[in-house]
Amino acid sequence: MRGLIHPYAVLSVMRGALPLSLLVCLASVWLLAVPAVAQGPRIEDIRWEGLRRIPRDTMNARIISKKGDPYNPNVLRRDFRAVWNTNFFETVRLEVDDGEDNSTDKILYFIVQERPLIRRIDYDGVKSLQQSDILEGFRLSRVGLSVEMQYDPTRVRRAEVVLTQMLAQRGRMFAKVAHVTRRVPPNAVVLIFVVEEGPKVKVGEISFEGNRRFSDRTLVRTMKNSRPMGIPPFLYFMSKTYNGNKVQEDLERLRELYQEQGYFRAVIHQPETRNRDTKPFLPLRMTMPFFFKPGKAVNLRIRIDEGTRYRMGKLEVRSSTGEEKDLFFTPEFLKNTFPLKQSDIFDVTLIRKALENYSKLYSEFGFINATVVPETDIDDQARVIDITLDFEPNKQFFVHRIEFLGNTKTRDKVIRRELLLDEGMMFNSRLWELSILRLNQLNFFERLDPENADVQQNAQNNTVDLALKVKEKGKNSIGFTGGSSGVLGSFLGLNYTTNNFLGLGETLSVDTQWGDRQRVFRIGFTEPYLFDKSIQSGFTVFLNRFKFDQAQQNAIITGSALNISDALQSRLVNYNQNSIGFTAFASYPLRKFRFARVGLTYSFSTSDITCISEGCTNLFEGLAFRQTLAGPNSLEGIQSSRITGTYFYNTVNHPIYPTGGTSFFISNTLEGGVLGGNQKTYRPTIEFKHFRPINRRRNTLAFRVIGAFVTGYGGQVPSPFSRFYVGGEDTIRGFNIRAVSPLALAPARSTIPIFFFDPTRLDANGNPTLQAGAVELLSQSISFPGGDTQVITNSEYRIPLAGPLTLSLFLDAGISTILRRGQLRLTDQRLAELKTLFPTADLSENLKLIPGTNGKVRVSTGVEIVINLPIVQAPFRLYWAYNLSRLNTTIVQPAGVIRSIEGFPLPPGVLEQQLLNQPQLLLLTSERRLFFNEPLKTFRFTISRTF
């Protein structure tokens with residue numbers, strides 16, 4: 001009968017009852033007490049009881065004893081420990097029974113109770129951490145706790161410690177973490193971490209002791225992670241959260257500050273901390289008692305031993321082998337590149353940077369493993385430090401093979417042609433970094449870094465194999481635009497781009513926009529390597545339709561609809577413009593400047609302008625921009641044939657979301673002349689962009705400047721639609737699109753129906769009869785001629801928030817002005833005709849500019865939220881802008897002049913005595929004042945980038 005053969009035949013362990021060491025000792029005593037038999041019994045069978053999830057074969061594989069083996073107590077002891085050490089069970093018991101039929105053989109019984117499975121893990125009372133943050137912390141700390149694993153008290157206690165540390169990093173230094181379990185039949189538990197976070201501990205007052213070189217204020221400003229916010233102390237809830245790890249980082253910053261100023265042996269001692277209770281300001285507690293609660297703060301007192309200030313002594317350069325030839329560079333060259341000279345203040349930061357530059361310098365010549373070891377010799381009496389640089393270039397490496405991984409769509413040759421390194425060349429780290437930058441500019445892959453390459457060295461052959469790992473982006477990009485703007489009205493847009501067509505690097509794009517005032521269709525194709533040479537070429541075909549309604553434009557600027565008569569409405573500049581054309585271009589890189597290209601572009605377009613108001617006819621047909629053609633059809637068939645030379649330098653590391661680099665663009669356009677067409681203009685343009693990473697490359701400062709000028713030649717002037725209009729999300733965000741322009745007064749002729757009493761025609765009673773007629777009015781109509789010069793500046797501070805979400809603070813400024821007023825003039829024929837018909841009118845050859853509108857600088861500032869839409873791979877923007885400088889003035893519109901016209905003769909005295917006194921004509925022939933007020937604030941959404 002089992003368990004009755006020997007008084008010590010039962011060995012059991014229950015977790016949480018006796019210490020494991022004591023139980024193992026008891027088992028050892030029992031196993032050693034079993035008498036040895038010369039022809040000992042054998043193991044008849046091994047049986048397991050209590051196994052539910054763990055297979056018996058798995059457990060049999062864990063022990064040494066097998067069925068039929070000799071019965072050995074020493075082996076059983078090891079088996080028992082092996083079963084216990086699996087950590088699969090809460091209790092383990094080993095029983096030995098005689099074999100069946102009362103034989104001398106033994107049957108082993110392992111009686112176990114499996115640990116329960118963790119069905120769910122809950123976190124009760126955790127507010128400062130997300131569950132994803134907790135799981136990530138467990139992973140980094142290798143807690144090894146997850147759902148559907150066996151419950152292990154040791155791991156749970158480890159998880160409590162890690163969770164407490166994570167809460168402390170978020171200022172919850174007094175957090176208490178415990179756990180409870182709830183049984184779930186048949187053998188599972190729900191693990192619940194019960195947390196009392198306690199008050200959030202903030203950084204309190206920071207004081208220093210022993211600092212003579214720097215003031216307390218300077219030292220506090222150096223502590224970027226732990227310094228208070230510089231606000232009244234009673235607003236403790238806005239101070240930074242206390243984190244011991246960040247305090248240690250700030251202590252290292254203090255030490256670097258002293259070492260930068262020559263205090264090489266400065267010692268920053270561990271701070272003395274003192275916890276204190278805090279309470280918010282009394283008025284805040286009274287007004288918002290539930291938000292402002294008592295808290296905790298930690299005061300820091302830091303003792304500093306500055307020591308003495310040291311200066312740079314002698315600099316020696318030597319090779320690790322003792323041979324000067326093994327330096328590769330001359331000692332004089334290496335000394336001259338060292339940033340510190342003798343007697344300079346000893347700056348550890350500059351020395352550390354110099355060592356990095358030496359390593360980069362050697363790596364540019366294939367010495368990948370070059371090392372530079374500084375040795376210092378300190379003379380405390382003279383307060384100088386001599387430095388000896390020990391150079392060990394090691395072997396020079398050459399490129400053996402370059403491979404690419406992850407490019408399932410992009411062909412190898414598309415990647416290889418962007419590389420500045422090739423097989424057989426000496427490895428150059430600088431060229432490799434520039435190669436990665438060129439690949440990032442393609443926008444075919446997720447952001448690449450030099451670290452993405454797996455560099456395998458073959459020291460025997462002095463070669464390296466480069467394996468570049470890439471992750472391709474979606475080739476197709478779909479963008480949507482829409483909204484309502486000043487000139488474009490309500491519109492919807494769709495654009496499709498495939499930036500890696502057929503995996504060969506070509507770009508195919510289709511862009512369409514449909515609105516109540518503008519319709520655009522554009523298709524383009526770009527070949528980056530024509531005939532497998534570094535010649536970028538392509539073409540674009542476009543079709544545009546644009547409707548300009550000056551009444552709506554004026555309503556936007558003034559903030560209300562114009563309350564004017566139909567006759568006055570006809571004097572506004574309203575027109576439709578239809579254009580069709582194409583553009584072909586080619587560019588070639590300059591070998592001396594690896595990121596510079598020169599290019600040539602030719603474009604041809606035909607435009608037709610259909611005036612829908614008399615004001616448009618008077619302005620466009622009257623302006624001298626097409627002297628070769630005259631008459632009513634001069635607004636049709638406007639042909640533009642132009643050629644543009646370009647220079648483009650670009651080191652920007654991403655086309656849409658740049659974080660560093662510079663681009664510089666210059667173009668010069670010649671239109672007409674020997675190129676044909678009926679337009680003759682000259683247009684130089686310059687654009688500069690710069691992106692600078694700051695705050696440890698987390699944030700980005702971005703700048704852009706655009707300048708352009710247009711003028712006519714050969715007796716012609718630019719057409720009205722070729723001039724510059726500023727405003728919108730791509731120029732000055734606080735103003736409507738194309739809404740910023742100088743304002744001018746253009747003479748406009750119109751016919752006005754009238755009614756008068758004809759004294760020459762009497763009725764039966766001898767009274768004058770009522771007659772209908774018409775008169776012609778010459779007025780000065782307000783128009784938007786556009787500028788011949790524009791200058792735009794954009795500045796942004798871009799802060800990544802989370803994932804694809806970015807916050808930007810921006811400041812835009814721009815101007816659209818007219819420098820050459822002679823380019824905005826009436827034709828000689830038009831001027832002579834008007835002077836003949838209206839001899840009393842005040843007319844001049846050039847259009848009169850409204851004072852205060854030419855050269856008015858517009859400034860806009862605001863905040864912008866940008867999120868990258870993952871499906872369409874386009875930036876979705878919401879921005880709010882406040883206009884610091886805008887047009888807010890009263891415009892005086894001169895009085896009009898009336899004359900009688902043929903077909904409607906007026907009797908003598910009717911014009912002066914009757915018509916000029918009528919309210920309708922009195923309004924037109926009197927001086928008027930209009931108040932122009934551009935918007936103060938703007939809120940808009942769009943899908944694009946300003947720059």
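Start by selecting Tyr358 and Phe391, both of which are buried (under 20% relative accessible area with a 1.4 Å probe, protein chains only). The model is predicted, so local features need pLDDT of at least 70 and side-chain atom pairs count only at pLDDT 80 or more, while totals for chains, interfaces and linings use all residues. Residues are numbered from 1 along each chain as its sequence is written, and side-chain values use heavy atoms, with hydrogens and water left out.

The ring centres of Tyr358 and Phe391 are 5.1 Å apart and the planes stand at 85 degrees, so the pair is edge-to-face (centres within 6.5 Å, planes over 60 degrees apart). Tyr358 belongs to helix H10 (residues 348-363) and Phe391 to strand E14 (residues 384-392), 33 residues apart.

Ser319 is buried at a relative accessible area of 7%, and a polar atom of its side chain lies 3.5 Å from the backbone oxygen of Glu323.

Next select Trp432, which, with Leu468, has the most contacts inside the largest nonpolar core, a set of 25 residues (buried Ala, Val, Leu, Ile, Met, Phe, Trp, Tyr and Cys joined through side-chain atoms within 4.5 Å). Helix H12 supplies the largest share of this core, 6 residues. Beyond four places in sequence, Trp432 touches Leu419, Leu421, Pro450, Ala453, Leu466 and Leu468.

Terms used. Buried means under 20% relative accessible area, exposed over 50%, partly exposed in between (1.4 Å probe, protein chains only). Helices (H or I, at least four residues) and strands (E, at least two) are DSSP runs, numbered from the N terminus. Contact means heavy atoms within 4.5 Å. A polar contact is a pair of N or O atoms within 3.5 Å; within protein, one must be able to donate a hydrogen and the other to accept it, and residues adjacent in sequence count only if both atoms are side-chain atoms. Rings of Phe, Tyr and Trp (its six-membered ring) pair if their centres lie within 6.5 Å; planes under 30 degrees apart count as stacked, over 60 as edge-to-face and the rest as tilted.
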